Amino acid sequence: MPVSESLARNCYHPADKAHITLRPVLSDEQIALLEKICPAGLFRRDAAGKVNVHFQGCLECGSCRLVAGDTALAEWHHPPSGTGLTLRFG
Ligand code: SF4
């Protein structure tokens, strides 16, 4: 099964407020790292070249936090109770 199809089987209940936010200024290396490390591809540049995190599809794996840390991420925590990812097994 392709990764995109597997991810689409998850159930998401996005919170109103982002649980991951970025520092205002990031280097090209930091952006490239975030784009590469996120298994769901949630760090994407807009037409103006500004990187955004599409937190609604977050898998809560923590990879971006481990790799980029607080030099790139201003905030990282799990979404509030009752929101975020629900994994579906089987
Ligand atoms: S916690 Fe995982 S899925 Fe969520 S934004 Fe970071 S790398 Fe992507």
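The questions and answers below walk through a predicted model. Residues are numbered from 1 along each chain as its sequence is written, and side-chain values use heavy atoms, with hydrogens and water left out. Local features need pLDDT of at least 70 and side-chain atom pairs count only at pLDDT 80 or more, while totals for chains, interfaces and linings use all residues.

Reader: Which residues come nearest to the ligand?
Author: A residue is near a molecule if one of its heavy atoms lies within 4 Å of it. There are 13 residues around the ligand. Those that come nearest are C38, C58, C61, G62 and C64.

Reader: How many residues of the shell around the ligand are nonpolar?
Author: Ala, Val, Leu, Ile, Met, Phe, Trp, Tyr, Cys and Pro count as nonpolar, Asp, Glu, Lys and Arg as charged, and the others, Gly among them, as polar. The shell has two polar residues and one charged residue. Its nonpolar residues number ten.

Reader: Is G62 buried or exposed?
Author: G62 lies in the loop between β4 and α3; helices (H or I, at least four residues) and strands (E, at least two) are DSSP runs, numbered from the N terminus. Buried means under 20% relative accessible area, exposed over 50%, and partly exposed in between, with a 1.4 Å probe and protein chains only. The relative accessible area of G62 is 12%, so G62 is buried.

Reader: What is the phi of E60?
Author: E60 sits in the loop between β4 and α3. Most residues other than glycine have a negative phi. E60 is not a glycine, yet its phi is positive, at about 60°.

Reader: How much space lies in the largest pocket?
Author: The lining has six nonpolar, two polar and two charged residues. Grid points are joined across faces, edges and corners, and a volume is the space filled by probe spheres set on the points. For this pocket, that space is about 170 Å³.

Reader: Which residues have the most contacts inside the largest nonpolar core?
Author: A nonpolar core is a set of buried Ala, Val, Leu, Ile, Met, Phe, Trp, Tyr and Cys residues joined through side-chain atoms within 4.5 Å. The largest one has 16 residues. Those with the most contacts inside it are I20, L22, L26, L34, F43, C64 and L73.

Reader: Which residues does L34 touch?
Author: Contact means heavy atoms within 4.5 Å. Residues up to four places away in sequence are not counted. L34 touches L22, L26, F43, C64, A68, A72 and L73.

Reader: How far apart are the C-alpha atoms of Y12 and T83?
Author: Y12 is found in strand β1, residues 11–13. At 26% relative accessibility, Y12 counts as partly exposed. Y12 and T83 are 71 residues apart along the chain, and their C-alpha atoms are separated by 7.5 Å.

Reader: What is the relative accessibility of N10?
Author: N10 lies in the loop between α1 (3–8) and β1. Leaving aside residues up to four places away in sequence, N10 touches L59, L85, T86, L87 and R88. N10 counts as buried, because its relative accessibility is 14%.

Reader: What is the relative accessible area of K36?
Author: K36 lies in helix α2. K36 and C64 are 28 residues apart in sequence and 9.5 Å apart in space, C-alpha to C-alpha. K36 is exposed, with a relative accessible area of 73%.

Notes: 1 Å grid on protein atoms, 1.4 Å probe; cavity = no way out; pocket = protein on both sides within 12 Å on 5 of 7 lines; lining within 4 Å.
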